[in-house]
Amino acid sequence: MTNEPDASDGGDAQIIAAAELPGVPDEFQRLWTPHRMAYIQAGREPMEQNCPFCAAPGKSDEDGLIVARGKSAYVLLNLFPYNSGHLLVCPYRHIATYDQATDEEVAEIGALTQRGMRVLRAVSRCDGFNLGMNQGAIAGAGVDAHLHQHIVPRWASDANFFPIIAKTKALPQLLGDVRRAVADAWNA
């Protein structure tokens, strides 16, 4: 179903049954995620030429999706999250692997990760987390040239069939709303 303006009712939204929409009707419902096309179509080349983790600190917090800035590292939302509230902790310095980080960077990445977990638990009432660093493209790093740690909030009720059969993740919140809530809680 969709909401489409209809001139006959003064422009108010009207619900239209999916079977009446263009295409071949079938029993499947579709979850459209058009925002993912930017990531899919861009491929790896733009990230190899312009590191998003080097660019983010030069933007406003809102534009860079940054929720907290430290001395040697910062925290931002993942632009293509696995779950709502998916955070990344990055050093400002452009290094590829954890063993290249200074003791100060390691300590701050750890402290920001702990703080991020506390803030996400308070803001989203998550039940647990996946934490991880993929080191190198072969290990699954989407941006393999710049070290970053993932903090993925998880809920007991977040497992469903979409990721398994449709390779689709339902995200209930917009990035701007999540960034604002996490940043506000971080600074509280």
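This structure holds 1 cavity of 30 Å³ or more. On a 1 Å grid over the protein atoms alone, a cavity is a set of points where a 1.4 Å probe fits but cannot get out. Rolling a probe the size of a water molecule over the atoms shows where empty space is left. About 30 Å³ of space lies in the largest cavity, where the volume is the space filled by probe spheres set on the points, joined across faces, edges and corners. Its lining residues (those with an atom within 4 Å of a point) include Ala 96, Asn 134, His 146 and His 148.

A word on what you are looking at: this is a predicted model, in which local features need pLDDT of at least 70 and side-chain atom pairs count only at pLDDT 80 or more, while totals for chains, interfaces and linings use all residues. Residues are numbered from 1 along each chain as its sequence is written, and side-chain values use heavy atoms, with hydrogens and water left out.

Now find helix H5, residues 103–124. Helices (H or I, at least four residues) and strands (E, at least two) are DSSP runs, numbered from the N terminus. H5 has 22 residues and reaches 31 Å from its first C-alpha to its last, close to the expected 32 Å; that expected span is 1.5 Å times one less than the number of residues. Among its buried residues are Ile 109, Leu 112 and Val 119, where buried means under 20% relative accessible area, exposed over 50% and partly exposed in between, with a 1.4 Å probe and protein chains only. The cover over the buried residues of H5 includes strands S4, S5, S6 and S7 and helix H7. Just after H5, Arg 125 takes a positive phi of about 55 degrees.

Next, look for the 1 aromatic pair. Tyr 74 and Tyr 92 have ring centres 5.1 Å apart and planes at 25 degrees, so they are stacked: rings of Phe, Tyr and Trp (its six-membered ring) pair if their centres lie within 6.5 Å, and planes under 30 degrees apart count as stacked, over 60 as edge-to-face and the rest as tilted. Tyr 74 belongs to strand S4, and Tyr 92 to the loop between S5 and H5, 18 residues apart. Tyr 74 is buried at 0%, whereas Tyr 92 is partly exposed at 28%.

Finally, visit Ser 84, in the loop between S4 and S5. With a relative accessible area of 9%, Ser 84 is buried. Beyond its neighbours within four places in sequence, Ser 84 is in contact (heavy atoms within 4.5 Å) with residues including Pro 153, Trp 155 and Leu 171.

Technical notes. 1 Å grid on protein atoms, 1.4 Å probe; cavity = no way out; pocket = protein on both sides within 12 Å on 5 of 7 lines; lining within 4 Å.
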